[in-house]
Amino acid sequence: MEAVIEGLRGFFDLTEEEKREFEGKNLLDPIRCGTSFNTSLEKVFFWRDFLKILLNPDHEFQFPYKPAGFREVSLDYCKRIREVARELLKAISMSLGLEPCYIEKATNLESDLQVFAANLYPPCPQPELAMGLPPHSDHGLLTLLVQNGIGGLQTQHNGNWVNVNAIPNSFLVNTADQLEILSNGKYKSNVHRAVVNSKATRMSLGIANGPSLETMIKPAPELESKEQPAAYIGMTYKGYLELQQVNQLDGKSCLDRVRAFN
Ligand SMILES: O=C(O)CCC(=O)C(=O)O
Ligand SMILES: [Fe+2]
């Protein structure tokens with residue numbers, strides 16, 4: 001965990017010139033880095049730099065080759081996270097009264113898409129006027145997040161923002177939109193945001209574990225009933241990601257677009 005965070009620090013410390021090589025243009029480019037979220041749509045940028053890498057076991061692992069060693073340690077990290085996510089999804093399947101491998105099969109987890117999503121929030125002179133990342137829910141099934149010991153993550157609970165303390169060597173697990181859809185709303189995706197501070201540079205790294213891109217995700221029929229009909233329409237994960245990208249990050253606005261009107 002520490003080695004990946006160190007590698008990240010090294011990556012964000014590269015010169016602008018060096019980072020430009022990894023900029024990427026399109027949503028599904030395997031490597032992208034930049035500032036804010038979607039600068040072509042936003043009027044006000046967020047106080048954040050990011051590095052996003054798409055990892056798919058069916059394709060060769062593409063990753064920045066700088067700084068030295070970052071690629072190898074990240075590959076190992078993502079593999080281990082994949083195993084942890086798989087175990088958690090088994091437990092979640094069982095908690096829904098489904099067989100342990102239900103979610104694994106329904107999402108074609110063998111060919112899952114993992115997104116390595118790293119954030120850098122430099123100290124901000126007027127933190128009360130800026131936002132690191134606005135309120136949003138993540139798009140996959142489960143995101144496992146670590147922070148560099150500096151707090152800033154907040155989660156929405158009963159209408160209030162609650163600080164999530166950065167406990168050393170711990171993961172924060174965010175339930176995400178595809179899990180909400182598949183579980184027919186039994187698991188809700190968690191709305192969270194990142195605030196900035198004036199003193200220290202904050203880094204966070206989320207590994208978003210999702211279905212395979214081509215798999216149609218819809219509520220599990222076993223979790224539908226007369227009283228609780230399917231609450232979402234089916235869509236491929238790829239379609240969902242494209243939908244999110246043309247939206248601005250805004251709470252659960254993306255999920256709202258796939259709600260069924262019963
Ligand atoms: O920086 C954080 O703690 C949150 C990051 C986040 O929510 C994301 O990358 O989706
Ligand atoms: Fe997030």
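Six strands make up an open sheet in this predicted model, in the order E1-E2-E3-E10-E5-E8, with antiparallel pairing. Strand E1 (31-35) and strand E8 (172-175) stand at the edges. Each has a single partner strand, so one side of each has no neighbour in the sheet. Neighbouring strands are turned against each other by 20° on average, direction ignored.

Start with the pairing of E2 and E3. Strand E2 covers residues 49-55 and strand E3 covers residues 114-121. The two run antiparallel and are joined by seven bridges. Phenylalanine 50 faces asparagine 119 of E3.

Move on to E10. E3 and E10 pair in the antiparallel sense over eight bridges. Valine 115 has alanine 208 as its bridge partner in E10. E5 also pairs with E10 in the antiparallel sense, over six bridges. Here the bridge partner of valine 146 is leucine 205 in E10.

How many of the residues of E10 are buried? Eight of its eight residues are, so the strand is mostly covered, with buried meaning under 20% relative accessible area. Arg202, Ser204, Gly206 and Ala208 point one way from E10. Met203, Leu205, Ile207 and Asn209 point the other way.

Helix H1 (residues 2-12) touches E1, E2, E3, strand E5 (142-147) and strand E10 (202-209). The direction of H1 makes about 115° with that of E10. Helix H3 (residues 70-95) lies across E2, E3, E5, E8 and E10. H3 runs at about 130° to E5.

Now look at the nonpolar residues. The largest nonpolar core has 47 residues. Those with the most contacts inside it are Leu8, Phe11, Phe12, Leu51, Leu89, Phe116 and Leu205. H3 gives the most to this core, with six residues. Take leucine 205 as an example. Leaving aside residues up to four places away in sequence, leucine 205 touches Val4, Leu8, Tyr77, Phe116, Ala117, Ala118, Leu144, Leu145 and Val146. A second, separate core has eight residues, including Leu54, Val115, Leu213 and Leu241.

Charged side chains come next. Side chains of opposite charge can pair when their charged atoms come close. The model has 13 salt bridges. One of them joins glutamate 6 to arginine 9, with the closest N and O atoms 3.5 Å apart. Both residues belong to helix H1. They are three residues apart, which puts about one helical turn between them. Glutamate 6 is partly exposed, at 48% relative accessibility. Arginine 9 is partly exposed too, at 34%.

Lysine 66 pairs with glutamate 18, and their closest N and O atoms are 3.5 Å apart. Lysine 66 lies in the loop between E2 and H3, while glutamate 18 lies in helix H2 (residues 16-20). The pair therefore ties together parts that are 48 residues apart in sequence. Glutamate 18 is partly exposed, with 27% relative accessibility.

Glutamate 180 and arginine 259 also meet in a salt bridge, at 3.9 Å from N to O. Glutamate 180 is in helix H5 (residues 177-182), and arginine 259 is in the segment after helix H7 (253-256). This pair therefore ties together parts that are 79 residues apart in sequence. Is glutamate 180 buried or exposed? At 2% relative accessibility, glutamate 180 counts as buried. Arginine 259 is partly exposed, with a relative accessible area of 30%.

The last stop is the metal site. Which residues coordinate the iron ion (ligand 2)? They are His136 (NE2), Asp138 (OD) and His192 (NE2), at 2.1 to 2.2 Å. Along the chain, these donors follow the spacing H-x1-D-x53-H. Aspartate 138 lies in the loop between strand E4 (133-136) and E5, and histidine 192 lies in strand E9 (residues 192-194). These two residues therefore tie together parts that are 54 residues apart in sequence. Aspartate 138 and histidine 192 are both buried.

Key. Residues are numbered from 1 along each chain as its sequence is written. Chains are lettered from A and ligands numbered from 1 in the order in which they are written. This is a predicted model: local features need pLDDT of at least 70, side-chain atom pairs count only at pLDDT 80 or more; totals for chains, interfaces and linings use all residues. Side-chain values use heavy atoms; hydrogens and water are left out. Two strands pair if DSSP finds at least two bridges between them. Helices (H or I, at least four residues) and strands (E, at least two) are DSSP runs, numbered from the N terminus. Axes are lines fitted to C-alpha atoms, for helices over the stretch in contact, and angles run from 0 to 180 degrees between N-to-C directions. Contact means heavy atoms within 4.5 Å. A salt bridge is a side-chain nitrogen of Lys or Arg within 4 Å of a carboxyl oxygen of Asp or Glu. Buried means under 20% relative accessible area, exposed over 50%, partly exposed in between (1.4 Å probe, protein chains only). A nonpolar core is a set of buried Ala, Val, Leu, Ile, Met, Phe, Trp, Tyr and Cys residues joined through side-chain atoms within 4.5 Å. Donors are N, O and S atoms within 2.8 Å of the metal (3.2 Å for Na, K and Ca); water is not among the atoms, so sites may look incomplete.
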